[in-house]
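Subject: Structure handover

Hello,

Here is the structure I promised you. Please open it beside this email and follow along.

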Amino acid sequence: NFGTASTIALNTFVSGATLNAGTSTVTFTGATAYAGTWYNVTIGSGGLTAITAAGTLDLSNNLTINAGSTLTCGLNNGVQIEGNFTNSGTFTGSSTCTLQFDGAKSSALTGAVSVPRFALSKTNASNTLTLNNNLTVTDSSLVATLAKGTLSIGSGVVLRTDGGLTVGDGAGSSDAIVTLSGTGQISLGSG
């Protein structure tokens with residue numbers, strides 16, 4: 001059990017061990033980011049880190065990828081973030097990887113990201129995801145989904161989705177909003 005201000009670095013994990021992340025920051029420095037629920041996660045010290053097989057990296061707060069580091073979201077993996085995603089390194093996703101922002105707090109995406117699947121499902125429209133850098137959704141057979149929350153696209157920032165964009169939950173709810181600032185753009189289809 002790690003307290004409020006704890007920061008730990010993991011490059012190995014003992015089978016059967018229990019980690020209560022609480023409000024701590026866990027820094028993955030090895031080859032594996034263990035699927036499960038964490039508070040803050042940092043991918044650090046360079047090199048490649050992959051999410052464990054068929055799991056979701058579920059963050060109650062923030063995800064940070066340091067410069068020179070890579071997080072790979074493989075087949076049947078996902079990343080769910082309630083807080084902020086700061087990408088100073090590289091985030092790569094396989095064809096079934098989903099990046100989802102959820103929960104009851106506002107979030108920001110800083111650093112360009114390209115991902116096959118994307119979803120915004122905040123608790124309500126007052127919870128905003130702000131795109132400070134470009135977001136590209138590459139799976140042309142799927143539609144990016146903004147079920148609940150506000151997506152705020154900053155000036156000079158582009159949301160590009162090759163498969164289209166659904167805004168709303170399909171049940172007539174008005175809990176999904178998209179705002180564009182200055183020269184912010186949405187690009188639908190390839191290219």
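Leu188 is exposed, because its relative accessible area is 55% (exposed means over 50%, buried under 20%, partly exposed in between, with a 1.4 Å probe and protein chains only). Leu188 sits in strand S23, residues 185-188. Strands are DSSP runs of E with at least two residues, helices are runs of H or I with at least four, and both are numbered from the N terminus. Together with Leu180 and Ile186, Leu188 makes a nonpolar surface patch of about 270 Å². Such a patch takes residues with over 30% relative accessible area and no salt bridge, and joins nonpolar side chains (Val, Leu, Ile, Met, Phe, Trp, Tyr) within 5 Å. A salt bridge is a side-chain nitrogen of Lys or Arg within 4 Å of a carboxyl oxygen of Asp or Glu. Areas come from the Shrake-Rupley method with a 1.4 Å probe, and for residues only the protein chains shown count as cover.

A note on the source. This is a predicted model, where local features need pLDDT of at least 70 and side-chain atom pairs pLDDT 80 or more, while totals for chains, interfaces and linings use all residues. Residues are numbered from 1 along each chain as its sequence is written, and side-chain values use heavy atoms, without hydrogens and water.

Now the whole chain. It has 23 strands and zero helices. Of its 191 residues, 42% are buried. Its accessible surface is about 8,100 Å², and 50% of that belongs to carbon and sulfur atoms.

Next, the disulfide. The structure holds one, counted when two cysteine sulfur atoms lie within 2.5 Å. Cys73 and Cys97 form it, with their sulfur atoms 2.2 Å apart. Cys73 is in strand S9 (69-73) and Cys97 in the loop between strands S12 (90-93) and S13 (98-103), so the bond ties together parts 24 residues apart in sequence. The torsion about the S-S bond is about 100°, so the disulfide is right-handed. Cys73 is buried, at 0% relative accessibility. Cys97 is buried too, also at 0%.

Last, the core. The largest nonpolar core has 35 residues, and Phe85, Phe91 and Phe118 touch the most other members. Strand S19 (residues 144-153) gives the most to this core, with four residues. A nonpolar core is a set of buried Ala, Val, Leu, Ile, Met, Phe, Trp, Tyr and Cys residues joined through side-chain atoms within 4.5 Å.

Best wishes

How values were computed
Patch = residues over 30% accessible without salt bridge, like charges linked within 9 Å, V, L, I, M, F, W, Y side chains within 5 Å.
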